[in-house]
Amino acid sequence: MTVRRPAKKARLLSGFCTLRSHPYGVQPLGNALFDSGGGAAQRPAADRGAGLGRLAALDDAALLGLFLAAPHVLDDGSVLRLQRCSRALYVLCGVDDVWRVRTLARFGGAFGAFADSWKNTYKARLHAERRPQPGECAPDVPLKVGYYSDYLFSAWRCSSIPLDVLCRADAPENIDRRSGLSVQEFVDEYDAPGKPVILTDVVTKWPAFGKWNMDYLEKTVGDVEFRAESVDLQFKTYAAYARTCNENGGSFEEAPLYLFDKYFGRRTKLDQDFSVPPYFSQDLFHLLGHNERPDYRWIIIGPARSGSTFHLDPNSTSAWNAVVTGAKKWLLFPPNCVPPGVFPSADGSEVTTPISLAEWFLNHYDEIKSWPVKPIECICRAGEVLYVPRGWWHCVMNLEESIAITQNFVNDCNLTEVLRFIREKPDQVSGYGSGEKACSLANTLYSRFSAALQETHPHVVQQEIATSRSAAKMLKAGSTKAPATNSISSLFAPSTEDESSSSASSSSFRFSF
């Protein structure tokens, strides 16, 4: 479960100035101190207190989350009517995120042809559904009435800053790029030590490479439903939406809708256009059978600025992510090194993150310059595949419209950690969806998996059981020393020379990039 925090005040990036003003004339709250009465619309900005009445006691984030973007609290017609009551409500009720929530809540994936905004898409779909009241479905053209809000302005800046500036696309990359590796060389140099790497000679051999793009997919699977976050929609509908994002440089939305579908192999023949790279061919979860193993494979499609906030891969598995088209900016932090601005709960069941990935880059990226342990930073481009070892925190931002395949797996190198995770944290096992059967599969994963491993890996199962018993005895005896389980963390500890250095920037991993 991910808990989202209210937005922080945005920092100003060096060398960047806003190219376009906010469509409603929203400005940072601090600008009110210097407002002589002209404002963004050459008149005083909206009076929040007078325009909101008693609702002014709530900040903008609360107003949007509790009321305006909550269809079960206020129906759509009420929000449209509220927008006519004052300039402050005109701005708040017109926020496009409000209409993204309401469009998907009302129409699901059948919202039709995407217009230039979620609000206009809602209106067009409403017009097609019934006879609206005069003016109810007229396309929305925002008026710059002027309004002061750090919350709204921060979201606007996150959607407007050029991606190459926001994500520091020109930052030095510090990851190995390899080709021609044997499987054993990959295991020895990367899999066993848990070190990320980009492989450059795998995806280029797939039929998908050079064939897949948005036009091809729209032509071949346009009528097939895919999952995009919380909604199922036909691919042609998503393609039209993504096209609008690309035409606007992704600048009308802070976090575009991201297609992340696990059923594409059942609904299409796209899985015939690629194969699992030989480096990742071992996947021990297959011993459970296709219907009783956790979800493990997805097709990922998104416009520029879409992506995934910081997370760990599920069930302590490792993963590979292959880019067929586009380019992805990656940041990866080694095990036990939690990224700045990310706050996992003590048991790891919840993660508090910034409201969007763009906001993290805006507010926290510069903090890593002073960290003694530097993250891996790279761009994975079309034709490349990135190996993500288990336990690494990572985020991904699409720098271009991208199509990718990703898969999680269990092999000899991470089996012990996977067994420990599913035994110690059955409530955090993911990949089974919801419902009574799904809950039962998640709760029994350890017993079923360990039983299946008895024929192929009995020594690993027995060793994991012995380790757990030893840890339990030591805990009961009050010992603070835990038994050694792996050497991954030691790989990322600063060297003695680094620890004694007064310069944070001199610290590094104990392997070279």
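Predicted model: local features only at pLDDT ≥ 70, side-chain atom pairs only at ≥ 80, totals over all residues.
How many of the 513 residues of the chain count as buried? It's 49%, with buried meaning under 20% relative accessible area for a 1.4 Å probe, protein chains only.

View 1. Residues are numbered from 1 along each chain as its sequence is written, and side-chain values use heavy atoms, leaving out hydrogens and water. Helices (H or I, at least four residues) and strands (E, at least two) are DSSP runs, numbered from the N terminus.

**View 2. An open sheet of four strands.** Read across and you get β10-β17-β12-β15, paired antiparallel; to pair, two strands need at least two DSSP bridges between them. At the edges sit β10 (307–311) and β15 (376–381), each pairing on one side only.

**View 3. Zooming in on β12 and β17.** Residues 327–333 (β12) and 393–398 (β17) run antiparallel, joined over six bridges. Look for phenylalanine 333: it stands opposite tryptophan 393 in β17.

**View 4. The second largest cavity.** Its volume is about 50 Å³, and the structure holds four cavities of 30 Å³ or more. A cavity is a set of points on a 1 Å grid over the protein atoms alone where a 1.4 Å probe fits but cannot get out, and lining residues have an atom within 4 Å of a point. The volume is the space filled by probe spheres set on the points, which are joined across faces, edges and corners. Among the lining residues are Phe285, Arg293, Tyr296, Asn408 and Phe409.

Definitions and conventions
Buried < 20%, exposed > 50% of the residue type's maximum accessible area, 1.4 Å probe, protein only. 1 Å grid on protein atoms, 1.4 Å probe; cavity = no way out; pocket = protein on both sides within 12 Å on 5 of 7 lines; lining within 4 Å.
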